[in-house]
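Hello,

Here is the structure for you to look through. My notes follow below it.

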Amino acid sequence: MKIGILCGGGDCPGLNAVIRGAVKTLAQTDTVVYGFLSGYKGLLEGDYIELTRDAVRGILPKGGTILSTTNRDNPFHYGVEENGETVYKDVSDELIAKAAELGIDCLIVIGGDGTMAITHELALKGLNVVGVPKTIDNDLSATDRTFGFETAVNTATDAIDKLHTTAESHHRVMVLEVMGRDAGFIALYAGIAGGADVILIPEIPFTIRGVLQKIEGRKKRGSAFSIVVVAEGAKIDGKKVLSGANEGNIINPEKLGGIGNAIAAALHEQGGLETRCTVLGHLQRGGTPAPFDRILATRYGVAAAKAALAGERDVLVCLRNDKIEAVPIIDSIRVLKSVDPDGELVADAMAVGISFGREEE
Ligand code: F6P
């Protein structure tokens, strides 16, 4: 058998652990493994490395991906240079022909919602695929956890811990903007773990007045500083804050970013508070994966390899009640997972005094 592996979308901690888990499992069989470089582009251009046991030695704790990745290069909307201009074409047929030419029996695709949407479309056109759910955002509904999320939460929690000491020294309001796209999981988990005073997420509408109420209340009780954690996809005055567009990306065209500074400015203008904003950005995607992510990623890699060998197709390996299962990819992309505003975690956060920026909470 010949099995291909590729990564799609943004990187996240644990990609190498998945690759290693799959390769080590497949190495015990009579299988040749190709690792395609830079996502679907590598398959289209026949750009790959052979993934042997030696090729994956020592990569378990390494962040990033030895295969590199991209969130452009969608084969259904593929940018090619023509007469000095970028034009977008559907090259999915060429891609499937290339997989056949290389003799790929099954392709293991490690990606988030955008990559899985593309992968499912390719499966419908006849490409044999098995998916692995990756994203720091944890927003894939089919799985209890995506790998990478835990590490991102650790990084964000560490940032909150550090902001606490300086906020307290200077009697300031510190705003921390974290990633997560349209889901507030990173902000919610890190906010609870780091003891934030206010958590602002896309799933819960808030007002600046509501945030000020909480900060003023703390001041009255003797705490002259506050920590506000805001998810990049939260909406100020009902609107998301964008830092630009993801060129050529028709699945996720918006580049989020900037709400932290907008919140800090509004708290200063409307409440006269001394504020500072930290945008954590891609630090959340880098570095060595947390043990939980290494274990989960390894389990996903092993499960994906086994599913590919067993002839399962168009499925995503998922974590459900601490068991790895394979479910149809379509189930993971129909509805994105988001924080339940009426759920236990939000209620528990409120029970320990965290505000979600609603007035008179
Ligand atoms: O989906 C993962 C993610 O890190 C989001 O949280 C964030 O909005 C986005 O990717 C950033 O993407 P890029 O690396 O293209 O800036």
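Asp11 and Arg285 join their side chains in a salt bridge, with N to O at 2.9 Å. The term means a side-chain nitrogen of Lys or Arg within 4 Å of a carboxyl oxygen of Asp or Glu. Asp11 sits in the loop between β1 (2-7) and α1 (15-26), and Arg285 in the loop between β13 (275-279) and α9 (291-309), so the pair ties together parts 274 residues apart in sequence. Helices (H or I, at least four residues) and strands (E, at least two) are DSSP runs, numbered from the N terminus.

This is a predicted model: local features need pLDDT of at least 70, side-chain atom pairs count only at pLDDT 80 or more, and totals for chains, interfaces and linings use all residues. Residues are numbered from 1 along each chain as its sequence is written, and side-chain values use heavy atoms, leaving out hydrogens and water.

**Two more pairs**

Lys240 forms a salt bridge with Glu254, at 2.9 Å between the closest N and O atoms. Lys240 is in the loop between β10 (226-231) and β11 (242-245), while Glu254 is in strand β12 (residues 254-256). Asp331 pairs with Arg334 in a salt bridge at 3.5 Å. Asp331 is partly exposed at 31% relative accessible area, whereas Arg334 is exposed at 61%. Buried means under 20%, exposed over 50%, partly exposed in between (1.4 Å probe, protein chains only).

**The whole protein**

The count comes to 19 salt bridges. The protein has 11 helices and 15 strands. Buried residues make up 53% of its 361 residues.

Best wishes
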